[in-house]
Amino acid sequence: MSRKEVPRAGLLKAVLAGRATNAQGAAALRLSIRQVQRLKVRFQTDGAHGLLHRSRGRPATPRLPSGVRAQIDALLQTRYKDFQ
């Protein structure tokens with residue numbers, strides 16, 4: 001978990017237990033009340049793992065194909081005739 005994601009579990013436990021309100025949790029996490037409500041549902045169903053960003057571990061969308069990356073690497077490592 002990142003530094004941003006670590007305090008979420010504790011705050012959401014407090015909100016779920018009734019020790020804090022949705023508004024207090026939203027202020028502490030710098031989120032909207034609606035987003036805290038969504039996080040509460042994900043925390044109840046998936047636990048702390050549900051609070052992680054869902055794009056974690058996936059390749060980026062604008063990523064170059066591996067063949068193109070190999071060509072770029074090859075061109076960067078060669079010397080051009082007129083270039084010194």
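Me: What should I know about the model before reading any values?
Reply: This is a predicted model, in which local features need pLDDT of at least 70, side-chain atom pairs count only at pLDDT 80 or more, and totals for chains, interfaces and linings use all residues. Residues are numbered from 1 along each chain as its sequence is written, and side-chain values use heavy atoms, with hydrogens and water left out.

Me: How many helices and strands does the protein chain have?
Reply: The protein chain has 4 helices and 0 strands, and its pattern along the sequence is α-α-α-α. Helices (H or I, at least four residues) and strands (E, at least two) are DSSP runs, numbered from the N terminus.

Me: Is the protein chain spread out or a compact globule?
Reply: The radius of gyration, taken over C-alpha atoms, is 22 Å, well over the 12 Å from the globule rule for 84 residues, so the protein chain is more spread out than a compact globule. The globule rule is 2.2 Å times the number of residues to the power 0.38. Along the principal axes, the C-alpha atoms fill a box of roughly 70 × 25 × 20 Å.

Me: What share of the residues is buried?
Reply: Of the 84 residues, 20% are buried. Buried means under 20% relative accessible area, exposed over 50%, and partly exposed in between (1.4 Å probe, protein chains only).

Me: Which residues form the largest nonpolar core?
Reply: The core has 7 residues: Ala 9, Leu 12, Ala 26, Val 36, Leu 39, Phe 43 and Leu 51. H1 and H3 are the elements that give two or more residues to this core, and H3 gives the most, with 3 residues. A nonpolar core is a set of buried Ala, Val, Leu, Ile, Met, Phe, Trp, Tyr and Cys residues joined through side-chain atoms within 4.5 Å.

Me: What is Val 36 in contact with?
Reply: Leaving aside neighbours within four places in sequence, Val 36 is in contact (heavy atoms within 4.5 Å) with Leu 12, Asn 22, Gly 25, Ala 26 and Leu 31.

Me: Moving to H2, which of its residues are buried?
Reply: In helix H2 (residues 22-29), the buried residues are Asn 22, Gly 25, Ala 26 and Leu 29. Seen down the axis of H2, they fall within an arc of 100°, so they line one face of the helix. The arc is that of the directions from the helix axis to the C-beta atoms. H1 and H3 are included in what covers these buried residues.

Me: What follows H2?
Reply: Arg 30 follows H2, and its phi is positive, near 60°.

Me: How many salt bridges are there?
Reply: The count comes to 1 salt bridge (a side-chain nitrogen of Lys or Arg within 4 Å of a carboxyl oxygen of Asp or Glu). The side chains of Arg 56 and Glu 5 form that bridge at 3.0 Å, N to O.

Me: Why does the pair tie together separate parts?
Reply: Arg 56 lies in the loop between helix H3 (33-46) and helix H4 (66-77), and Glu 5 in the segment before helix H1 (6-17), so the pair ties together parts 51 residues apart in sequence.

Me: Is Glu 5 buried or exposed?
Reply: Glu 5 is buried, with a relative accessible area of 7%, whereas Arg 56 is partly exposed at 44% relative accessibility. Leaving aside neighbours within four places in sequence, Glu 5 is in contact with Leu 51, Leu 52, His 53 and Arg 56.

Me: Where is Thr 45 found?
Reply: Thr 45 is found in helix H3 and, at 58% relative accessibility, counts as exposed. The side chain of Thr 45 reaches the backbone oxygen of Arg 42 at 3.2 Å.

Technical notes: Polar contact = N/O pair within 3.5 Å; in protein donor to acceptor, adjacent residues only side chain to side chain.
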